[in-house]
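This report describes the pockets and the metal site of the structure shown below.

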Amino acid sequence: MARLVGLVKPLTGYMILAILMGLVGHLCAAFITIFGGFAVLNLLGLSDVLSLQMIFIAVAIFAFVRGFLRYAEQACNHFIAFKLLALLRDKIFSALRRLTPAKLEGKDKGNLISIITSDIELLEVFYAHTISPICIAALFTVVMVVFIGSYHWILGLVALLAYAVVGIVIPLVTSKMSGSNGLRFRGKSGALASFVLDSLRGLPEILQYGQGENRVERMNQMTDDLAEDEARMKRVTGYNMAVTNTAILVFNIAMLVLSAHLCGFAGTVIPTIALMSSFGPVVALAALGATLQNTFAAGNRVLDILEETPVVEEITGKAPITFSGARAKNINFSYPNGEQILSDFSVEIPQNQVIGIVGKSGSGKSTLLKLFMRFWQVQDGSIEISDKNVDEINTSNLRDMQSFVTQETHLFQDSIRSNLKIAKLDATDEEIMEACKKASVHDFIMQLPNGYDTPVGELGDTLSGGERQRLGLARAFLHDAPFMLLDEPTSNLDSLNEAVILKSLHKERTGKTVVLVSHRKSTMGIVDVSYSVEHGRMS
Ligand code: ATP
Ligand code: MG
């Protein structure tokens with residue numbers, strides 16, 4: 001809770017304003033009824049503290065002020081809440097950027113989506129309907145206890161007890177009763193989101209192996225489970241309301257009896273009416289008990305992402321360098337979960353050479369390229385570019401020097417042109433076309449209905465594997481960096497397309513340094529030196 005409140009700091013002024021307006025507003029509401037009490041006493045001739053005329057004017061003013069303040073308080077709270085949500089979203093996305101790619105590689109994407117959408121959304125409840133109500137209730141209680149206590153100190157004590165039971169004891173007990181329901185519920189709904197996303201991605205496999213029924217059944221089971229948890233949470237809310245209303249009734253009766261006993265008839269009306277009409281702010285807290293666990297669960301999940309430390313930090317503020325060769329020097333590398341992938345591994349990549357890397361599947365070829373990209377951190381040794389450790393090179397500088405074509409080209413749900421332009425935002429149409437010709441994909445694009453403006457379906461699944469691969473290469477050609485890291489760039493291509501690409505690579509060689517991972521003999525034909533990765537070592 002402290003961590004969540006900490007975020008409000010920049011908006012403290014608005015928060016104080018919201019609390020003051022809420023306090024005065026609630027006092028107005030309570031005193032409208034109390035003035036009614038004075039009016040009754042006045043008519044019965046038991047009190048002439050206030051004339052009837054004054055009472056009516058005061059009620060009219062209080063009613064108007066109450067309406068206005070209610071609106072202003074809510075506007076203020078929601079301003080704070082939505083401002084903070086925007087701020088939190090911004091923070092979350094920066095955090096995700098810092099964590100990418102290493103920390104996100106193994107993360108459950110559906111759960112992540114549920115955190116950045118519904119969990120953040122839920123925090124609105126905390127910022128708009130939790131912090132200021134707590135402060136308002138505390139201040140309001142002080143004023144009312146003093147007012148009621150001015151009739152008799154015992155009555156003040158009863159009022160204090162009543163507010164404490166409804167506003168503190170009941171919410172705490174409710175929150176204890178709901179226990180970890182909230183956290184479990186958030187976790188389960190994240191798991192369901194993941195399962196649905198996973199099923200959509202794996203539709204071909206599900207159809208092929210007849211897993212449809214099975215998946216639907218599991219999805220139903222998860223939904224039922226979720227519904228059960230929700231029912232349990234709602235039940236707790238129900239008990240909470242019943243107990244709250246009963247407690248209010250009991251305290252009202254106690255106040256009536258006690259004040260009649262202590263103050264006589266004239267002294268009974270006002271304290272009893274005051275107590276009856278003043279439970280609003282504490283009742284707002286009573287209801288919080290049930291939702292608070294859920295909100296904190298969401299808050300925890302959001303804050304956990306914000307506080308997770310990345311594998312590699314973004315580097316800025318170093319002097320820019322230009323590319324003049326790269327090397328891996330006696331590196332040891334293992335992923336957080338497992339065995340040594342590369343041990344005492346060294347490779348020299350002189351400028352303007354094409355270096356081939358071969359090796360069994362799973363031997364660590366792609367991993368090596370990722371280390372040159374500084375996606376991960378080596379445990380020992382160093383990865384160097386232009387004789388400088390990659391940890392000493394500005395990240396944006398590094399990215400500008402490198403073109404990385406991964407084994408699986410990801411295409412975004414956008415036009416082909418936009419998909420290519422991510423490699424160079426200000427690329428001209430000519431440059432794009434040139435790059436596509438080098439990647440042997442220009443002719444294919446031209447025969448599409450809208451050419452370069454043809455939209456690509458989600459995950460690029462409206463394109464063939466080879467077409468996607470060639471678009472990936474076109475991006476690399478467009479990026480035009482001096483250091484090219486190509487991971488199996490021709491694995492999905494026929495020999496004709498492969499030949500065009502190899503020719504392009506050969507022509508591009510001047511001023512380019514290429515690391516080429518491939519299983520294909522024909523592709524390896526163009527390399528100057530080839531290395532083989534075996535058991536984490538080079539030969
Ligand atoms: P292929 O020829 O099949 O592409 P590769 O040589 O490129 O294989 P890598 O992708 O480098 O192999 O993987 C090397 C080993 O590291 C594999 O055993 C793989 O399971 C493991 N690995 C890869 N990525 C991760 C990761 N993010 N976390 C844990 N282990 C990983
Ligand atoms: Mg690989």
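**Largest pocket**

In this predicted model, the largest pocket holds about 2,100 Å³ of space. Its lining comprises 44 residues, and those nearest the centre are Thr100, Pro101, Phe375, His410 and Phe412. Two or more lining residues come from each of α3 (52-99), α4 (102-105), α5 (109-129), α8 (181-201), α14 (395-401), β6 and α18 (465-479). Of these elements, α18 contributes the most, with five residues.

By residue class, the lining of the largest pocket consists of 17 nonpolar, 12 polar and 15 charged residues.

**Second largest pocket**

The volume of the second largest pocket is about 340 Å³. It is lined by 18 residues, with Ile134, Gly167, Ile168, Pro171 and Leu285 closest to the centre. At least two lining residues are supplied by each of α6 (131-149), α7 (153-178) and α12 (280-307), and α7 provides the largest share, eight residues.

The lining of this second largest pocket has 14 nonpolar and four polar residues, but no charged ones.

**Magnesium site**

The magnesium ion (ligand 2) is coordinated by the OG atom of Ser366 and the OE1 atom of Gln407, at 1.9 to 2.3 Å. These two residues are 41 residues apart and link distant parts of the chain: Ser366 belongs to helix α13 (residues 365-372), while Gln407 lies in the loop between β6 (402-405) and α15 (416-421).

Ser366 counts as partly exposed because its relative accessibility is 21%, and buried means under 20%. Gln407, at 42% relative accessibility, also counts as partly exposed.

Technical notes:
Residues numbered from 1 in each chain as written. Chains lettered and ligands numbered in written order. Predicted model: local features only at pLDDT ≥ 70, side-chain atom pairs only at ≥ 80, totals over all residues. Heavy atoms only, no water. Donors = N, O, S within 2.8 Å, 3.2 Å for Na, K, Ca; no water. Helix = DSSP H or I, 4+ residues; strand = E, 2+ residues; numbered from the N terminus. Buried < 20%, exposed > 50% of the residue type's maximum accessible area, 1.4 Å probe, protein only. 1 Å grid on protein atoms, 1.4 Å probe; cavity = no way out; pocket = protein on both sides within 12 Å on 5 of 7 lines; lining within 4 Å. Points joined across faces, edges and corners; volume = space filled by probe spheres on them. Nonpolar A, V, L, I, M, F, W, Y, C, P; charged D, E, K, R; others polar.
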